[in-house]
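Q: I would like a close look at one residue and its setting, and then at how the rest of the model is put together. Please give the cut-offs behind each term as you go.

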Amino acid sequence: MKFLPLIFANLLRKKVRTALTIGSFAVALFLFGLLATIRVAFSQGVDVAGADRLMVINKVSIIQPLPLPYRDRILRIPGVKQVTWANWFGGVYVDEKNFFPQFAVDADTYRDMYPEFVIPDDQWKAFREDRAGAIAGKLTADKYHWKIGDRIPIRGTFLSGVFEFNLHGIYRGTRPQDDTTQFWFHWDYLNEKMPASYKNMIGWYTLRIENPDQAVRVTRAIDETFANSPYETRTMTEKAMAASFAKQMGNIEFVLLSIGAVVFFTLLLVTGNTMAIAVRERTGELAVLKTVGFPDWAVLMLVLAESVLVALLGGGLGIALAKALTLRGDPTNGLLPVFYLPPQPIAAGVAAALLVGVVAGFLPAFSAMRLRVVEALRRV
Amino acid sequence: MRIGGGDGDGLIKVRNLDKKYVRGSEEIHVLQGLNLDVDKGDFLAFMGPSGSGKTTLLNLLGGLDVPSAGSITVAGDEITRLSGGKLTAWRARHVGFVFQMYNLIPVLTAFRNVELPLLLTGLGKAERRKHVETALGVVGLGDRQQHYPRQLSGGQQQRVAIARAIVADATFLLCDEPTGDLDRRSADEILNLIDLLVRDHGKTVLMVTHDPRAAERAQQVLHLEKGVLVEGAPSALRA
């Protein structure tokens, strides 16, 4: 603590340079925070997927349907506890740019399968009692200023005509990263409107198993049950399913790591150069410190502390700005299911800034430590 | 003080001190077989032409450099046997340095500059403050504690440097051309201050100077000629 005035005084001797270095850290960490937020948005399904939930889709593709009667056969497979199902709808609300996921769900079983989505009992009851009822996620409801009792017209895409829904409930997530953009309505209602060839067909099954350790066995059992049938299945964990969706958007992780690596390497050079200049400018002063009794380690730590302090101030500022931006809401107007910067990337960002501060400051600090007092004083 | 050494129990004992530098294939002997005894409370001035080894001798006495041969013993510690951290710790405890160019840290106030040697001691904040205020009071700058070096005259900056040298109660002071960058009046003030430290506070001072008027304030003037010590008297210098 008693060295802090010396460290701060040194940092403030070239205010513009220090501000620019802190600024470069802030910009880098702000960018890192935003990239991490986008990564979370794309992979949130993976992160929040239930460990005990499996998904069953058509082996050909998720857009190919499965027969509803599979439900009873799946339920009979040992280890399966619950089954629900849903269909993708893909309708248009007022304008095509108004995108949000719409699912036709089984009103009897869907809510129990997803306890992370919270809906008041009276709202769920009203939804169940109205065949044209619907439930919207809070993000979507807020975005379109819907309130309970509103009538929501959605134009079909693969089914012609406009479907009118009565909004009976708004669900919330229990965690910040839960997707609250979905819109649910009765599968029965959709099934009524389907052409004869698609009647009693569903998009996918979601099932809960008794023990996540049995996932591999249950997965295999389901796919073997429907092997060589007209509708072969592909069963996977919900996490794997979400990951395969995320992969369709490209390798976000790779993009994030690549940009992050370039940014941090650049920062390393910028900060290393700044600290090297700072040490060179202060050769005489460092020699004086050694003359009055500062040991080598103290000189090393002083220079290193400056570098680390710059990194932490800039990094902290950048990540705080990124967090503040995410708290203001999704700037993409709902294109992303969540816009949330969790604590883990914040900690990772601060740790990365700290590491860059240490690495960038080490060489200048080491050269300051090795400074020969007599030679340095001769140059003053 | 004795040139040539002896068996006395002086504060500083220098025996057969050699210092040579190697530049390429050339060996430069800066100090040769130097012997010296300095008693507590002595005020010595070293004079000599440029390159005669004055600053090198000061650096060796202050533990900033190591000799090629010979020994230096200060208050019973043979510092030529110390190295690295031990030598640094010894320097912090025993030596106060005063340089020609003051060598203050420009971004620190007078108070913080003087406090620097105390930061590595176990003293608490209040004790450090007390020591710094005392040291600045001794040099007559008690009212300039919060001034930065750029806000002080050359003479005042040198007084801050002296306060920094005495704040940790050093065993002896090494002054390298302390008046070399000052006008006559400021130089006299600094020399009066050094006199005061020797006379009233019992400090031992070894000073390198080119200025005969500064040298005549010392109790004894020693001349360095090509790395060898020669005794001289202030009266002789005046002549």
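A: Gly202(B) sits in the loop that runs from helix 6 to strand 9 (204–208) of chain B. Helices (H or I, at least four residues) and strands (E, at least two) are DSSP runs, numbered from the N terminus. The model is a predicted one, in which local features need pLDDT of at least 70 and side-chain atom pairs count only at pLDDT 80 or more, while totals for chains, interfaces and linings use all residues. Residues are numbered from 1 along each chain as its sequence is written, chains are lettered from A and ligands numbered from 1 in the order in which they are written, and side-chain values use heavy atoms, with hydrogens and water left out.

Gly202(B) has a relative accessible area of 26%, so this residue is partly exposed. The classes are buried under 20% relative accessible area, exposed over 50%, and partly exposed in between (1.4 Å probe, protein chains only). Setting aside residues up to four places away in sequence, Gly202(B) touches Lys40(B), Gly41(B) and Leu197(B); contact means heavy atoms within 4.5 Å. Gly142(B) is 60 residues from Gly202(B) in sequence, and the two C-alpha atoms are 21 Å apart in space.

Helix 6 of chain B, residues 184–201, holds Asp195(B). Asp195(B) counts as buried because its relative accessibility is 18%. Apart from neighbours within four places in sequence, Asp195(B) is in contact with Phe43(B) and Arg217(B). The side chains of Asp195(B) and Arg217(B) are joined by a polar contact of 3.1 Å. A polar contact is a pair of N or O atoms within 3.5 Å; within protein, one must be able to donate a hydrogen and the other to accept it, and residues adjacent in sequence count only if both atoms are side-chain atoms.

Two other parts of chain B follow. Thr109(B) is placed in the loop between strand 7 (95–98) and helix 3 (110–115) of chain B. With a relative accessible area of 8%, Thr109(B) is buried. Thr109(B) touches Gln145(B), Gln146(B), His147(B) and Tyr148(B), residues up to four places away in sequence not being counted. Helix 1 of chain B (residues 54–61) is mostly covered, with seven of its eight residues buried; among them are Leu57(B), Leu58(B), Leu60(B) and Leu61(B), and also Lys54(B). Just after helix 1 of chain B comes Gly63(B), with a positive phi of about 70°.

Next is the interface. Lys2(A), Thr291(A) and Val292(A) supply 27% of what chain A buries against chain B, more than any other three residues. Buried area here is the accessible area (1.4 Å probe) that two parts lose on being put together, summed over both.

The rule finds one salt bridge across the interface of chain A and chain B. In a salt bridge of 3.6 Å, N to O, the side chain of Arg372(A) meets that of Asp65(B); the rule asks for a side-chain nitrogen of Lys or Arg within 4 Å of a carboxyl oxygen of Asp or Glu. Four residue pairs are in polar contact between chain A and chain B, both residues at pLDDT 80 or more.

Tyr93(A) and Tyr144(A) form an edge-to-face pair, because their ring centres are 5.1 Å apart and their planes lie at 65°. Rings of Phe, Tyr and Trp (its six-membered ring) pair if their centres lie within 6.5 Å; planes under 30 degrees apart count as stacked, over 60 as edge-to-face and the rest as tilted. Tyr93(A) counts as buried at 13% relative accessibility, and Tyr144(A) does at 14%. Tyr93(A) also pairs edge-to-face with Trp146(A), with centres 5.1 Å apart and planes at 90°. Trp146(A), at 7% relative accessibility, counts as buried. Ring pairs link these residues into a cluster that includes Phe89(A), Phe100(A) and Tyr189(A).
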